[in-house]
Amino acid sequence: TALIEKDRKELEYFDAVSDSINRSSTLSDLQEIREELEETGYIKKTQGKRKKGNSNSAFKEYTSEEGYRILVGKNNKQNDLITTQIASKLDLWFHTKDIAGSHVLVMSGGKEVSDQTVLQAATLAAKNSKAAASSKVAVDYTPIKFVKKPNGAKPGMVIYTTNKTIFVNPTEELV
């Protein structure tokens, strides 16, 4: 049973990596994924001098109609950065339910966020996931204080509680 659970988590991780590769748009995005796979020991580190820090690409950033910054990770390393370092405890975190995809953060600072901003962030989470071509996608959201990264978890892997779920159509133009 323990091995089955370990293998299930491994498959979830590879599914997330595969999704990140499919959504990559630049060589820098792919390089960041390669570095992640090297750091986690799945591929051998390349020989030669690689400039550290230069290969990191910026995550996507949007502004809601209310003026809140919305950050979208493009891969597991960026998802970790957004969720564990940039977010404050009162910001809102979004992710597709049981589907590989980006972590989306509404930097609300604890202020009440309108339904329109929630819908916009949820749509961004759905668009930046494996379910981008679907017509109805479940997106979970919760204050970041309810999102935890377990010790030893792979990049991009978190657990969360006290969430709400919204269904969105990622093919609709909202943003």
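Guide: Two strands pair if DSSP finds at least two bridges between them; strands (E, at least two residues) and helices (H or I, at least four) are DSSP runs, numbered from the N terminus. The model is predicted, so local features need pLDDT of at least 70 and side-chain atom pairs pLDDT 80 or more, while totals for chains, interfaces and linings use all residues. Residues are numbered from 1 along each chain as its sequence is written, and side-chain values use heavy atoms, without hydrogens and water.

Visitor: Over how many bridges do strand 3 and strand 4 pair?
Guide: Strand 3 covers residues 92-96 and runs antiparallel to strand 4. Within this pairing, Leu92 stands opposite Val106 of strand 4. The number of bridges is three.

Visitor: Which residues of helix 3 are buried?
Guide: Buried means under 20% relative accessible area, exposed over 50%, and partly exposed in between (1.4 Å probe, protein chains only). Within helix 3, residues 76-86, the buried ones are Asn76, Gln78, Asn79, Asp80, Ile82 and Thr83.

Visitor: Is Leu27 buried or exposed?
Guide: Leu27 lies in helix 2, which spans residues 27-39. Because its relative accessible area is 71%, Leu27 counts as exposed.
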